[in-house]
Amino acid sequence: MKNMGPWWTGYAASTRGANTPVAPTRRLAIYAFYDSVGHVPDYVTFKLKALKEHVEKLVVVVNGVIDDDGRARIEAIGASVHVRPNTGYDIWGYRFGLIEVVGWNQVDHFDEVLLLNSTFYGPLYPFSELFGEMESRDTDFWGITGFKGPVPNGFTFQGMISFHIQSYFMAFRKRVTSSRAFRDWWELLPPLDSYVEAVLKHETRFTEFLAQQGFRYSLYCDPLRYKVVNPAFDVLDLLVEHRCPILKRRAFFHEPLYLELNNVELNRAVDIIRRNGTYDLALIWSDITRTTRPVDLYTNATQLEVISPEEPTSTPKTRRVLVLAHVDNPSQLPELLTAAKNITVPFDLIVTANDETLRPKLQALQAEAKLPASSEVRIGHRNASGALSAMMLTCRDAVTDPNYELVCSIHGATITGATFARDRQFKKHHLGNLLGTQGVATRIMELFEDDPSLGVVMPPTVHIAHSTRRDHQSPGTVEWTKTLGITAPLDIFTAETPAGMFWFRPRALRLLLDFKFEPLHFEPQPNEYLELILRRLVWPAAHTVGHTVKCVLTPASMAANYVKLEYKLQKSIAEPIPPRKPDFPRGELKAFVRDRLADRPSTLAVVETSFRAARGLFRAAKTMTSTLAPRELR
Amino acid sequence: MNAPLTTKSAATVAEARPPRPRRLVLYMFYNPTGEVPEYVIYKLKKLREHVVKLAVVCNGVLSAGGREALEKVVDVIHVRQNEGFDVWAYREGLIDLIGWKDLEKYDEVLLANYTFYGPIFPFSEMFDKMDRQDVDFWGLTSFVGPTPNFFSGKGFIPSHIQSHFIAIRKRMFSSDSFHEYWEQMPPIRTYVDSVLQHETRFTDFFEKQGFKSSVYCDPTRYPVAQAAYEAVDLLLEDRCPILKRKPFFNDPSNVDASDVEVARALEIVREKSDYDIDLIWKDITAVSKPRDLYSNSTLFEVPLDTGPVVQLNPVKIAVLAHVFYPELLEEMLGYARNIPLHFDLYVTTSTEEKKQQIVRLLANEKSFTTREVRVVQNRGRDVSALLVGLRDVVMNGGYDLFCRLHSKASPQDTFGMARHFKEHLYENLLGSPAYVSRLLAIFEREKRVGIIFPPTIHIGYHTLGRSWFNNKDGAHHWASELGISIPFDEHTPLCAHGSMYWFRPAALLPLFKHQFKWTDFPEEPHYADGDLPHVIERLVVYAAHESRYVARCVLTPRNAAKNYVNLEYKLHRRMGDVRAARTVVSFPIQQLKEFAIHRFSAFPRALQVVRKSYSSIRSLTKMMTGTNP
């Protein structure tokens, strides 16, 4: 620290010598890659391909696993792939690449060594801008963004974190890479067993260490321009606006309360990228959906849009739409048909129900409605009693018909025991925001046309007249994710669930539609009704195959929902529900014992029998003492 | 739920039109201030057309102005003590004011009260229909029972005609049982008394006597117990002539849970009736807590920010900008230029030097007219700069609308918070030309909208549930100083945080009428929560409601989405079960701890002993088993 001074001196010193450019031509890049299942997302190959134009040797170090397809795609770029155990994070990946794969002798051949990893998207702008600018700077090592210290160490709560170049992208020139200090750092790198260790023992110290050795450094994105500690996260939209070539992945899946508190304008950053048109957003969506909880992505990237209900000014390009309208009572149908008429392109309609006696009535109503569409009535199995069970059991052939670009699922089914208020709000909320006017329907179709990654469109969770508590990770739900091959994470607490009414692209839900559901699967269970489980799985199913889900509200619906949501939040903060009086955790203790003795049934039987005997004795004793005790003492 | 009243439906008893009955109305009115709101006068005027005598029984006080207004439309005004709710007012009206004998002159007596607006649709439709029905008494709306009696906790509430409007025909009101019913009416001391002793009893009592009843708004059409509350919009769609006041001021949690569609009801009034909605705003702003009214009747709009600029009638607009940081002026002007009409600009700043800088910056501006750049005292910041520094412009400038802006830097907040606060205000007040035109169209369309501002900032700020902060006492004090008697929001005042808003001068009169002086405001650098600027910030909307103008919040579509997802997330986090899926069942140590702490909470010493021994046992175990503590 002594000879370093304030953090910016290194930065200032390095920019001063810009008049004597040393143009490095030969570059080595070591790219640390990690994916829990070894899938190589397209953003990685896109990035490597762009990088390859600027580096001579590209080494990809894989922590853990990589699938054959991914390896082939990377090798096709001209990079070598090296797999190592998943330990020590990207840092040990860099070390492995430097020492084990390339070797110090080889490193000497290069003018500049890049160490970078898979935690960011890019290049949002050509890498040539980055390398061109940095070549003109007389510096020993550099990076794209830095963390502006010193700030109190939030990991250990001791000491300070000083300024450092962030380790997702660092470049070192020959003066550094050939130095003893640099090599010792990597040779003597301690094991890094946690993310915090990787940050504290390497990332936050490496810049300071090299600066202390007298090396000068520089940053592509001038940290003085931003009044925040971590510009790559806190003001990512401004960085993108100022032509920073990268966007960190973390902003999409980080705790939403952090983004909220710091007003991280992720959606604005995404909008700028969209406007620029230099980076395909599908690269982001196809990757981030696989690993991000629905509610986190929804909140962080504002996957909600206010859509105009006004007269559409254009005709959608969508050619073929399928509407599925499920009812359990013919009286529900006219409302659904009226809504469907707001679709301004040709569509086919299938009315489903699960009671044969309803067929004539439904057919009559359907004929009466004079739909500009071909329509049929299908009566499904008795268990096809909800919108999704009807879709899976009664209409699977139609939904998977490649003719249809979009499907709109609506239903009139009332929830058992629902009040008039709940029922009405539920219908209004869903039908209104999905098919309320021609403008609404057109705008939704255009959302799909504009964004090929978009898989599902629905209104946000209904909350007026409804409770918003739902268990998203019930054992049955988790079980079905395995059966259906849904690997994207589920929400923990309440989040957005399509209540059986939504627009979707059939291929976005292929994990649900490819499975051959049987009526038996939908047999009503006491707590786990597959219809409801499937509703919860719509979002993760789309995510697993790289499709996004977006929510929509009309301005009027937004206004109505906003004021009520605001009221409930302020009330819940001002008048928190008092904590539940704790009970003796008898159930939990039982579950613990049963869990521990699960593979020793005989021991469990002995324990349970003796427990029951002891309990009997205890109760008897208690009754006796209480009958003996004087009345007023009881 | 759907059980109809034990009445015959209208169709089955229809007959040829009988001669118009001679009607008497006993209208019960109560207002603690004694003022008579315009909606009452309008309603009585319309009612008078259908009756031969209209008597108003006023509980409590009646102001001179109120009496004068009433005298023009009614035949009799009777002021009595505020006792016994509407029940004893009806009783006194029937027995003392009119008397059983005089009552015989009429064919029908109407008992109605002030708890509803109307006629939304002509009373004649109602009278025409009901005059054809051969019944002994009838009402407008009813409560559909039986439901368990949640008032008394005993028995059931039967279906009954609601007491806000009941008509009784001669056969019934000349009967002994009717006289006895009223003469033996017990004292009514509480609202619950009035419900149990009269409202829920009346219909059942007289039906058991053999009198036939009917309800104008057929309850079987609405699958709810109280259509007049739970299905306000559906009633109006069926041309029910009245709209209850309760949905506007009731607890918003209940309005939410029952999905009372107040906004939809207002839309129907606007589209299908000639009833002046301003009558509602002029009354309810005084009665409802501002946030309750905001939440119940959706005082919120999301004007679209794209598409064409809406054509507007010419209005005189002035932008009133306090520019403490001249470096922010250009950004502010960038937003102000989104106003699609010509406007005047008035600037206040804190020093002569800044004034020169601002004058230079404005020199070549052609898209608006700069009227004045004033140097004002730097105490009280933007609040005094408006209330003292620009009072003359607001009071006498001859403008229709003002847009209040100031250079917002929030140096005390983090960069992200400050940036959001500034953009929250500028973007949602002046987002784009199309957006501002739609915002101004609200003023053009609704004459009683007096102030438009973005809703409470909450991203990055802990405002919701707390935003009185230290200002509630001060707000009570200053409210009475300024003559503001609006009921206070409990936790989160409806407030234009950041003090930027569009307003009509008449709406903020209570603030400008008071001759605030510079010395009322704290001197720099003393500027903190609880002082006058912060108190006034929270009273601006209250001042508008006091002036009987109503507030309206707006967000651009983008900002609405951004705010909404975060509101949702925060609510879900509070309400939801934040429980990760557990794969391994762990020893329930936490639950045991909670249980022990709870059980021993009355015995702190014992708890201490238990804790001590627990922790020594734990460290001992860990030492023995070799697990690192």
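1. At what angle do helix H3 (residues 85-98) of chain B and H7(B) pack, and how many Å apart are their axes? The angle is about 125°, and the axes lie 10 Å apart. H3(B) is therefore oblique to H7(B). This is a predicted model.

2. The H3(B)/H7(B) crossing is left-handed. On the H3(B) side, the contact uses B:Val87, B:Tyr90, B:Arg91, B:Leu94 and B:Ile95. H7(B) supplies B:Phe178, B:Trp182 and B:Glu183. By class, that contact has 6 nonpolar and 2 charged residues, with no polar ones.

3. H7(B), residues 176-183, also packs with helix H8 (residues 191-208) of chain B. Here the angle is about 165° and the axes are 12 Å apart. H7(B) is therefore roughly antiparallel to H8(B), since angles over 145 degrees count as such. The crossing is right-handed.

4. Which residues make the contact of H7(B) with H8(B)? From H7(B) come B:Ser177, B:Phe178, B:Tyr181 and B:Trp182. From H8(B) come B:Gln197, B:His198, B:Arg201, B:Phe202, B:Phe205 and B:Phe206.

5. Turn to B:Ser410. This residue sits in the loop between strand E18 (401-406) and helix H20 (415-430) of chain B. Is B:Ser410 buried or exposed? Its relative accessibility is 5%, so B:Ser410 counts as buried; the cut-off is under 20%.

6. The side chain of B:Ser410 makes a polar contact of 3.3 Å with that of B:Lys408. Beyond neighbours within four places in sequence, B:Ser410 is in contact with B:Ala418 and B:Phe421.

Terms used:
Residues are numbered from 1 along each chain as its sequence is written. Chains are lettered from A and ligands numbered from 1 in the order in which they are written. This is a predicted model: local features need pLDDT of at least 70, side-chain atom pairs count only at pLDDT 80 or more; totals for chains, interfaces and linings use all residues. Side-chain values use heavy atoms; hydrogens and water are left out. Axes are lines fitted to C-alpha atoms, for helices over the stretch in contact, and angles run from 0 to 180 degrees between N-to-C directions. Helices (H or I, at least four residues) and strands (E, at least two) are DSSP runs, numbered from the N terminus. Angles under 35 degrees count as roughly parallel, over 145 as roughly antiparallel, 65 to 115 as roughly perpendicular and the rest as oblique. A crossing is left-handed if the near helix is turned anticlockwise from the far one by less than a right angle, and right-handed if clockwise. Contact means heavy atoms within 4.5 Å. Buried means under 20% relative accessible area, exposed over 50%, partly exposed in between (1.4 Å probe, protein chains only). A polar contact is a pair of N or O atoms within 3.5 Å; within protein, one must be able to donate a hydrogen and the other to accept it, and residues adjacent in sequence count only if both atoms are side-chain atoms. Ala, Val, Leu, Ile, Met, Phe, Trp, Tyr, Cys and Pro count as nonpolar, Asp, Glu, Lys and Arg as charged, and the others, Gly among them, as polar.
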